[in-house]
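Let's take a friendly walk through a protein structure. Keep the picture open beside the text as you read.

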Amino acid sequence: MATPTLFVFAISHYCEKARWALEYLGVDFELRSVAPGVHTRLQKKYGLSGTSLPLLVAGDEVVHGSAAIIDWAEAHASNGRTLTPAAVAADCRAVEGRLDDIAGVHTRRYFYSEALVEYPDKVKPAFLEGLSFRERLLLHLMWPRITPVMARRMDLGREQGEESRTIVDDELTWLEALLDGGRAYLVGDTFTRADLTAASLFARLSGTTDHPRGKEGYLPPRMAADQQAWLERPALAWIRRIYAEHRRQG
Ligand SMILES: N[C@@H](CCC(=O)N[C@@H](CS)C(=O)NCC(=O)O)C(=O)O
């Protein structure tokens, strides 16, 4: 089989989720960063139902979305590992589904409502990471036109950011209830897709330094102040531990 290609935005937490799963399961793949805007061409090319990334293309197989990519990666694991132990599969998927639908959407809107709307030039370097020369050039040229489209599509703004911050706070409280005063993992007694999903989607806020991109280069001021205030919350300390134990490189 030709080496699969994982299409990503370097900055995206859902893309980090898919990438981490592939690496954890020992699946060889090529990482291909795509510029926002250019990524919409993939929908037509691969007959996708939407434009979102991550997308995995493996020969004739097209796997769209982080949860589907984890399923595919498990079927192709080269190291005998699993992220969905049969005995707790339904619970793993339920926790992952809630995280994807709520935490993923609102950690992103909370960040971009401040970062992209108020400090677009500080966010741009993260979108440039890994791009081809041509796409870098295109992104520089198109950036002032791309950011309003992103703001509209993600429904960004001061009020929306505050609403998402409250939701993120509530979801951290929910995670803390699942961790129940010191459990090692969210579901069962081993590392699963539920833990991997929670850690990827909250990575930026957690302040982990074990993310493959290193510590998040830029946090806008209000979010940075929240991060300081929340740093020792059990959920964020747990996410840093999950990264250190299951993602640290080398
Ligand atoms: N539930 C999807 C969400 C993916 C998603 O929202 N990706 C964002 C990047 S964080 C995206 O590609 N947005 C641009 C678009 O939808 O065109 C998954 O888990 O893959």
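A residue counts as buried if 20 or more other C-beta atoms lie within 10 Å of its own, as exposed if 12 or fewer do, and as partly exposed in between. Keep in mind that this is a predicted model.

Gly26 has 13 other C-beta atoms within 10 Å, so it is partly exposed. Leaving out residues up to four places away in sequence, Gly26 touches Ala77, Ser78 and Asn79.

Two aspartates have a backbone feature to look for. Phi of Asp155 is near 55°, a positive value in a residue other than glycine. Asp180 is not a glycine either, yet has a positive phi of about 50°. Where are they? Asp155 is in the loop between α6 and α7 (158–179), and Asp180 is in the loop between α7 and α8.

Here is how the cut-offs sort some residues:

| Residue | Other C-beta atoms within 10 Å | Class |
|---|---|---|
| Gly26 | 13 | partly exposed |
| Leu139 | 18 | partly exposed |
| Asp155 | 13 | partly exposed |
| Asp180 | 9 | exposed |

Leu139 from the table belongs to helix α6 (residues 133–153). Not counting residues up to four places away in sequence, Leu139 touches Ala35, Phe127, Leu128 and Leu131.

One more backbone detail is the cis peptide bond from Leu53 to Pro54, with omega near 15°. Pro54 is in the loop between α2 (41–46) and β3 (55–58).

**Two domains**

The protein is divided into domain 1 (5–75) and domain 2 (88–246). Their centres, taken over C-alpha atoms, are 18 Å apart. How many residues of each domain are in contact with the other? The count is 18 residues of domain 1 and 26 residues of domain 2. On the side of domain 1 that touches domain 2, α1, β2 and α3 (66–75) each supply at least two residues. Helix α1 gives the most, with 7 residues. By class, this side has 13 nonpolar, 3 polar and 2 charged residues.

**The core between them**

In soluble globular proteins, nonpolar side chains tend to be buried together. In this model, the largest nonpolar core has 60 residues, and those with the most contacts inside it are Ala18, Ala21, Ala198, Ala199, Phe202 and Ile239. Helix α4 (residues 89–118) gives the most to this core, with 10 residues. Why does the core lie between the two domains? Domain 1 and domain 2 both give residues to it, so it lies between them. Ala21 is in contact with Ile69, Ile70, Ala73, Leu83 and Leu196, leaving aside its neighbours within four places in sequence.

**A pair of helices**

Two packed helices are described by the angle between their axes and the distance between the axes. The axes of α4 and helix α8 (residues 193–206) come within 9 Å and cross at roughly 10°. These two helices are therefore roughly parallel to each other. Among the residues making the contact are Leu99 and Ala103 of α4, and Ala198 and Phe202 of α8. The contact divides into 10 nonpolar, 3 polar and 4 charged residues.

Key
Residues are numbered from 1 along each chain as its sequence is written. This is a predicted model: local features need pLDDT of at least 70, side-chain atom pairs count only at pLDDT 80 or more; totals for chains, interfaces and linings use all residues. Two residues are in contact if their C-beta atoms, placed from the backbone, lie within 7 Å. A nonpolar core is a set of buried Ala, Val, Leu, Ile, Met, Phe, Trp, Tyr and Cys residues joined through C-beta atoms within 7 Å. Helices (H or I, at least four residues) and strands (E, at least two) are DSSP runs, numbered from the N terminus. Domain bounds come from an automatic or database domain assignment. Axes are lines fitted to C-alpha atoms, for helices over the stretch in contact, and angles run from 0 to 180 degrees between N-to-C directions. Angles under 35 degrees count as roughly parallel, over 145 as roughly antiparallel, 65 to 115 as roughly perpendicular and the rest as oblique. Ala, Val, Leu, Ile, Met, Phe, Trp, Tyr, Cys and Pro count as nonpolar, Asp, Glu, Lys and Arg as charged, and the others, Gly among them, as polar.
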